[in-house]
Amino acid sequence: MDKKDALANFKRIDMEPFDEAMELISGKWKMNILFCISEIGTMRYGEIRSTLGNITNRVLSKKLKELEENGLIIRKEYPQIPPKVEYSLAPKGKSLLPILRMICDWGKEEIK
């Protein structure tokens, strides 16, 4: 198959599912947040922030909200003072775990 045929075949591939999936997890922090919660389990905001290190409050709040809106994490707020909020993986987020682990394993191999 020559390059022209390969390009023609590629144009027939439905890229929409890939594009939509990447939209859910793209960006500097989303995958980090998902991986962090997947490895540690249910976490509070401050725990996520201290685990990730140099993420700002503004960015963390925004990314958590996006992940929640996309159905990847669950935000559970407890009616108490001071407020207590916990984040955990939603079933949709849990379905990403094999992919996250494969990326981590790939990174370990390539860093050697």
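This briefing describes selected helix packing, side-chain contacts, cysteines and loop residues of one predicted model. Because the model is predicted, local features need pLDDT of at least 70 and side-chain atom pairs count only at pLDDT 80 or more, while totals for chains, interfaces and linings use all residues. Residues are numbered from 1 along each chain as its sequence is written, and side-chain values use heavy atoms, with hydrogens and water left out.

**Packing of α4 and α5**

- Two packed helices are described by the angle between their axes and the distance between the axes.
- Helix α4 covers residues 45–52 and helix α5 covers residues 57–69, where helices are DSSP runs of H or I with at least four residues, strands are runs of E with at least two, and both are numbered from the N terminus.
- The two helices pack at an angle of about 120° with their axes 11 Å apart; axes here are lines fitted to C-alpha atoms, for helices over the stretch in contact, and angles run from 0 to 180 degrees between N-to-C directions.
- The crossing of α4 and α5 is right-handed, a term for a near helix turned clockwise from the far one by less than a right angle, with anticlockwise being left-handed.
- On the α4 side, Y45, I48, R49 and L52 meet N57, L60, S61 and L64 of α5, contact being heavy atoms within 4.5 Å.
- By class, this contact of α4 with α5 has five nonpolar, two polar and one charged residues; Ala, Val, Leu, Ile, Met, Phe, Trp, Tyr, Cys and Pro count as nonpolar, Asp, Glu, Lys and Arg as charged, and the others, Gly among them, as polar.

- E66 lies in helix α5 and is buried, with a relative accessible area of 18%; buried means under 20%, exposed over 50% and partly exposed in between, for a 1.4 Å probe and protein chains only.
- The side chain of E66 makes a polar contact with the side chain of K30 at 3.2 Å, and the C-alpha atoms of these residues, 36 residues apart along the chain, are separated by 8.7 Å.
- A polar contact is a pair of N or O atoms within 3.5 Å; within protein, one must be able to donate a hydrogen and the other to accept it, and residues adjacent in sequence count only if both atoms are side-chain atoms.
- E86 lies in strand β3 (residues 84–89), and its side chain makes a polar contact with that of Y78 at 2.8 Å.
- Leaving aside neighbours within four places in sequence, E86 is in contact with T42, M43, R44, I74, R75, K76 and Y78.

**Cysteines**

- A search of the whole structure finds zero disulfides, a disulfide being a pair of cysteine sulfur atoms within 2.5 Å.
- C36 is in no disulfide, and its nearest cysteine sulfur, that of C104, is 12 Å away.
- C36 counts as buried at 7% relative accessibility, whereas C104 counts as partly exposed at 26%.

**Loops and a proline in a helix**

- The peptide bond from I81 to P82 is cis, with omega near -5°, and P82 lies in the loop between β2 (73–78) and β3.
- N70, in the loop between α5 and β2, counts as partly exposed at 23% relative accessibility.
- Leaving aside neighbours within four places in sequence, N70 is in contact with L24, K30 and K92.
- P17 is found in helix α2 (residues 16–25) and counts as partly exposed at 49% relative accessibility.
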